[in-house]
Amino acid sequence: MVFSTTVKESLCKFGQQIISYYHIFMGLSSYWYCKKKNKYQRNMCSRLVLVVINVLGMVVVCIKLQNYLEEFRRDHAWNSLILLVYEINGRLRICLAAHTVLHVIRYDRLITSMKMELEQLKIHCLTRITLRPAIETRFTFLFCLKYFMLYYIHIVMLVASVREATNALCIWQIMGAIAFVNISGLWYFVLFQYFEIIWKICCLFYYIEQHVCYIAKEADATGAPLEDLVIQLYWSLRVHSKLCLYWLQLQHMFKGQIFLSRLVNVTSNCATILYAFISSDTIYQSLVILVMGSFTYLLLTLDLYINDYMCDMTVNSFKGLQLALKDFNGLQHTWTALHQQCEEFSIYLCNRQVNLKLAGALNMDRKAWLSLMSTFATYSIVLIQAHLRSS
């Protein structure tokens, strides 16, 4: 019994170490989480591993995509417009991989420090604000859904890449397939970092909204003005302002990555749908390729939708906070300090709300996602029509 317990503990520790170092060997970050010190840390070795893995992965991606384009031109005598689409898609995928690698190397320290600061800020907020199970349940569900989609897509792409290797038993081909999947799919892990930070910020926004509603109820139930309510409202304004600064900093870091990721997503989806219709002899084969080839891209598109949905929730939290501040209008006008603080909070929300809706060149809400889907459908129809006219 003692031996089995020791083995279980050793396996658990080994599993935790693999999880801690997995992002390093994947090329996503040079930090790992140390439970003893309760913080993220890195050293020169982890930085070197991050750079080497990403550089080698970029070489593999460039070689594989270039070979794929050459084989595609040689084996398919298709319309020049269709060949141009596949050429542009391949080049854009290389540009996206290169941009993602540069993004990881440039912003690794800032993203990790932002995560740590938000964790500490949430702990500090929960010392003043009561934990809300409804808010935690809602945001935990979104996080688990995003997490499942992320690793499902990654595992499917990894298995497909290994199976396509000419010699599945060759260790070098397996390593090349893993490196290709890691770098070509690194962008949606980077977007998961974006989502994770948004998720934490938006969750705290909703906590502050509930706290302001609580302050309004306390002020309405109190017979005399209380300085404590003014202090709590001022503290809520400071925390909200700090979260907005995190949000704006996050937008500055990710605006190029978001734009390029969505551009590649549209072109890849169009290429996949087009290939499903023009590469098969029968409708049955076309439908099979359509379902199998488009399912992964569909999940990637839904992955983007969850990001937009989280941004939409943030905008709605501002509207809810403005409604919560209106509850102070019915209080006694002799409470000048409380009314001044409410007015300051309202002016701050009006000035901040416009900036929060923007993420680079795109509006981050569900309307942007629907616009993306309509663009994707339009381009797919145009390309299919071009193929039918030439055939």
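## A tour of the aromatic pairs and the core

Start by selecting F143 and F192: both are buried (under 20% relative accessible area, with exposed over 50% and partly exposed in between, 1.4 Å probe, protein chains only). You're looking at a predicted model, where local features need pLDDT of at least 70, side-chain atom pairs count only at pLDDT 80 or more, and totals for chains, interfaces and linings use all residues. Residues are numbered from 1 along each chain as its sequence is written, and side-chain values use heavy atoms, with hydrogens and water left out.

Now show those two rings. The centres of F143 and F192 are 5.7 Å apart with planes at 50°, so this pair is tilted (Phe, Tyr and Trp rings, the six-membered one for Trp, pair with centres within 6.5 Å; planes under 30 degrees apart are stacked, over 60 edge-to-face, the rest tilted). The pair links distant parts of the chain, 49 residues apart: F143 sits in helix α4 (residues 133-163) and F192 in helix α6 (residues 186-221). Helices here are DSSP runs (H or I, at least four residues), numbered from the N terminus.

Next, pick Y194 and F254. Their ring centres are 5.1 Å apart and the planes at 50°, so this one is tilted too. Y194 is in helix α6 and F254 in helix α7 (residues 227-278), 60 residues apart.

Last stop: F139. Beyond neighbours within four places in sequence, F139 is in contact (heavy atoms within 4.5 Å) with W199, C202, C203, Y206, M310 and M313.

Key. Helices (H or I, at least four residues) and strands (E, at least two) are DSSP runs, numbered from the N terminus.
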